[in-house]
Amino acid sequence: MEGTVFTPALQEIEHVKSDQGEILSKPFLDACKHILPVIDKFGAAMALVKSDIGGNISRLETMYSSNPSRFNYLYSLVQVEVETKTAKSSSSCTNGLLWLTRAMDFLVALFRNLIEHEDWPMSQACTDSYNKTLKKWHGWLASSSFTVVMKLAPDRKKFMNVIGGTGDINADIEKFCTTFSPLLQEIHKFLARFRLDDMKAS
């Protein structure tokens, strides 16, 4: 593997914004998609997160593909639902984008923990990032099942070796967190403008 597991995502992130500084739908979704192979390396512990992210990407891609020029910008997927008052539906693209963004918040927090707390076992790194990001949006059921699967987290050293490839994994994780995090913050701000940033899981 050339570079690390993060290399394709980092390359894609460079194209996420238009010259006017708008987030483009396809490159953003592709960057998220490139993180799926990283989640794969967690094995069973992240199967739920992976299927959740994959499902939300597909939902947004389907809408984007229905009219690529109309939905070229990520926010246009939300705006059309705000206008038709369907944004708060659990099957809306807005809901898909919100949960995709939250799942990515969790992953950024997790990757950050892995490089900032070298003495933490994987389960601690996962639990801490979960508590900081997803926990407040989850109901009791989702929260308790998450706690259970975190016990399946892989050995940290093995995991880092697997995702490292031929590149500098710490530098790539750092770069991913630094470049991707502002995009997520921007999406949260945009959703908050329409009061769509605080929907909880059922």
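Predicted model: local features only at pLDDT ≥ 70, side-chain atom pairs only at ≥ 80, totals over all residues.
A crossing of two helices is left-handed if the near helix is turned anticlockwise from the far one by less than a right angle, and right-handed if clockwise. Residues are numbered from 1 along each chain as its sequence is written, and side-chain values use heavy atoms, with hydrogens and water left out. Helices are DSSP runs (H or I, at least four residues), numbered from the N terminus.

**Largest pocket**

- The largest pocket holds about 520 Å³ of space; a pocket is an open set of points on a 1 Å grid over the protein atoms alone, where a 1.4 Å probe fits, with protein on both sides within 12 Å along at least five of seven lines.
- Its volume is the space filled by probe spheres set on the points, which are joined across faces, edges and corners.
- The pocket is lined by 23 residues, and Asp52, Trp99, His138, Ala142 and Ala201 are the closest to its centre; lining residues have an atom within 4 Å of a point.
- At least two lining residues come from each of α4 (47-66), α6 (93-116) and α8 (140-150), and α4 gives the most, with five.
- By class, the lining has ten nonpolar, nine polar and four charged residues (nonpolar: Ala, Val, Leu, Ile, Met, Phe, Trp, Tyr, Cys and Pro; charged: Asp, Glu, Lys and Arg; polar: the others, Gly among them).

**α2 with α6**

- The axes of α2 (residues 25-33) and α6 come within 12 Å and cross at roughly 45 degrees; axes are lines fitted to C-alpha atoms, for helices over the stretch in contact, and angles run from 0 to 180 degrees between N-to-C directions.
- Therefore α2 is oblique to α6 (under 35 degrees counts as roughly parallel, over 145 as roughly antiparallel, 65 to 115 as roughly perpendicular and the rest as oblique).
- The crossing of α2 and α6 is left-handed.
- Phe28, Leu29 and Cys32 of α2 contact Leu97, Leu100 and Met104 of α6, where contact means heavy atoms within 4.5 Å.
- These residues are six nonpolar, no polar and no charged.

**α5 with α10**

- α5 (residues 74-83) packs on α10 (residues 169-193) at about 15 degrees, with the axes 11 Å apart, which means that α5 is roughly parallel to α10.
- The crossing of α5 and α10 is right-handed.

**α9 with α10**

- The axes of α9 (residues 156-164) and α10 come within 10 Å and cross at roughly 85 degrees, so α9 is roughly perpendicular to α10.
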